[in-house]
Amino acid sequence: MPSFRMTTMFNIFWIICQYLCIRIFLIQYMGLGKHNTHKIMNGLILNSIAISLRDTPLDEDKMEDSLSHISFEPSILDFKERQLGIPHQETVIMFNKDHNKTIHLSSISGNTRHFHSSFFQNKVIPPLGNTTFNVVFLGRDEGDIDTHLFIHTSDGTLKYQVKGISVSSPYRLRPVVDVKLPLNASFTPLIYMHNPHPEALQVVEVYSSGGEFQLELPSGEPEGSRDLWEILPYQTKPIIRLRFNAYAEKNHTAYVRFKVNNTAEILVVAVEVEVKSGAGLHWGGSSGVINLGMGGSLQPPIRHPIALKNSAKKAIKVVNIINTPVSKALKLHFEPAIIPGETDIPIAIGMLVYDWKTGLDLQHFKGKLIIKAIGPGGSSQKLAIPWVAQVLQGGLEVNTSITHYCSPQSNQARNFSVVNKFKLPLAITNVTMCSNAKSLFTIKDFTPRVIKPDQKVNIFSLQLAKERKGDNVKMESSILIHSNVSVTEVPLLSYDGKVRKIMPGEKEDDMGTMNFGTVGSGTENEAIFALENQNPVNVELHGWGVNMPGAVLELMGCQSGPADLLDKEFRNITVCSHSGNQYIKPGFLAIFKIKVKTPVVEEDTIVGDVFVRTTYERFTLPVYMRVAHGRISLKKLIFTDCFPGSICVQQVKVHSTFSRPMEITHIAPINKDDRIKYIPLEEATMPVISKGETNIGSIQIDSSVICKQHCYLGLPVETSSKQYIFTLLLLLLLY
């Protein structure tokens, strides 16, 4: 069985590396028995190769656009469109058209990182002679690049125009550039590669220049199987991990070169890291930028954590994060946070939410997060993190109702279909299920396939486990559909659709009945109850009412729950639905009010039922009340001389005209207030109201329960507030 390992080799010419010693990592296939493993080994190689053109800035005003006796072929070097990660080389011929003069060439320089130049083939051009040099274009970002190389000669310095357009790579390789690190920070980015081909892609060689950047397996293990280097058709996976420790304040540059089995092209990832003076905050992700990936305009927004590390010894407080330029496509959720000192594990302090559709409409595909922080001693720190996103028109259309299971459930397999709404063919590479759903559901009959635009196909079938079909299992999970564009999350839900009844002040003796107790004849009475939706889907309300004489049932509205309804005072009630049928959202309460006008009788018992019809059930609630002639009245309580800080108490007397005694079950303020407390006559029992006037206990008001030290002026009696209080006392004494 073939296997491979990384070993040393000598490479004759590597066009994009600097003139330096290079660390090499080579994958070779060798027979090593039954086990496929690879090992990372180190070696050295010397290359006479291209020079990166990032010299000291030159005064372009002193440059010559042309000299009459010197010409170039081509006159302008245009690389046209070239893919990121694939270096492209062109040869330039430099002519000396003078019949008598010899031209001496010293060097080529420039101020661009996108173009790299070799040495001159010959540094002396005789009369009517020529020489050549090579230029390599390796873009760092998508877009147009138009610049100059500076040719230093004995007759002056010439400007030579070079330009090109960088476009995205089919292998989705992105340079690791614009990375700024504080001292003592560690940086371990993963390099991902995509396989755009219909057959498997095998990485066979990996090289890295610059000994400061160590290569590791993505898992961090010293060895692994050959499968680690194989990328299945249309899939993306991490290939290698770089490890860099910021010990020296300077710019660090390296290149990672990949060779794959199905193309002669060399794939190159440029790595550029700037280490700044002083320790501090830095980005905690697995890349130099926040890569939001690729998505479709029909997909829901993507969420990405904001995670930071701190290489300083002391904690740093993050006070603000802004996005520049400001974009409606990107929303920030952040609260000030403290990052402890010497934090090597990323700490999440917020969340980015990117809307694919808005991003495409506004053409907002990249920007920067500016993170502002305060370090030890009040020193300010600022960190800039680039972010990028790639948006395609369209998306994967799915029928989510297929993955909604309401009890009782059938174990008959359901076909799951999708429609490709992208303008390009879409490769479905895999379908996975979250771990909490694997005991309940099974994915069957999936085969990777390519779907044409607007084509509808069944990609798998979903089946409920036979032994669980009778279970009333509530579950929220997901099925993930992996494609060559993105991962589409489909909710996988199991529920019973039933609502839960909530009645304020309900007692066990009521046995699930709305018990009004004894009410006066010829009076209007009302009560509140709520239905809570604990299901992961909306529950539609198809109708409601009450079959009880003199009673009506009203839907007051909905509010987020669960909650103590009386405590909330119904302040957050909103309409359940602005159009169509009313429905209860997941985690919300539908609040109903029943009003009953009792007949004028000496004594009677009235019973009935409240009913609410939903998509899944007909909910019923028995209602009971006893009607008697009489009424209960309570004298108004007036608290006098109740100055701040004192505890005020008043007796509560109730007058009843009912002939029968009545037991009090509960006494509380209508609007909950911790300052107000009911004190019964006897702690163990509640009082009984007889005909006539009855003392049922006392009401106590203690304002210090809430205000504590702020009862008088709202000022704490400490620190700087003391001086204000002393000044106030002095003024009172003087006047």
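Trainee: Is Lys474 buried, exposed or partly exposed?
Mentor: The model is predicted: local features need pLDDT of at least 70, side-chain atom pairs count only at pLDDT 80 or more, and totals for chains, interfaces and linings use all residues. Residues are numbered from 1 along each chain as its sequence is written, and side-chain values use heavy atoms, without hydrogens and water. Buried means under 20% relative accessible area, exposed over 50%, and partly exposed in between (1.4 Å probe, protein chains only). Since the relative accessibility of Lys474 is 43%, the residue counts as partly exposed.

Trainee: With which residue does Asp496 form a salt bridge?
Mentor: A salt bridge is a side-chain nitrogen of Lys or Arg within 4 Å of a carboxyl oxygen of Asp or Glu. For Asp496, the closest N and O atoms of the bridge are 3.8 Å apart, and the partner is Lys474.

Trainee: How many residues apart in sequence are the parts that this pair ties together?
Mentor: Strands (E, at least two residues) and helices (H or I, at least four) are DSSP runs, numbered from the N terminus. Asp496 lies in the loop between β40 (487-495) and β41 (499-502), and Lys474 in the loop between β38 (456-464) and β39 (475-483), so the separation is 22 residues.

Trainee: Which residue forms a salt bridge with Glu272?
Mentor: Glu272 is buried, with a relative accessible area of 7%. The closest N and O atoms in its salt bridge are 3.0 Å apart, and the partner is Arg140.

Trainee: Which residues are linked with Glu272 in a network of salt bridges?
Mentor: Arg140, at 2% relative accessibility, counts as buried. The network of salt bridges joins Glu272 with Arg113, Arg140 and Asp178.

Trainee: Why is the pair of Phe79 and Phe115 called tilted?
Mentor: Rings of Phe, Tyr and Trp (its six-membered ring) pair if their centres lie within 6.5 Å; planes under 30 degrees apart count as stacked, over 60 as edge-to-face and the rest as tilted. The centres of Phe79 and Phe115 are 5.7 Å apart, and the pair is tilted because the planes stand at 40 degrees.

Trainee: What is the angle between the ring planes of Trp544 and Phe592?
Mentor: Trp544 counts as partly exposed at 31% relative accessibility, whereas Phe592 is buried at 0%. Their ring centres are 6.1 Å apart, and the pair is edge-to-face because the planes are at 70 degrees.
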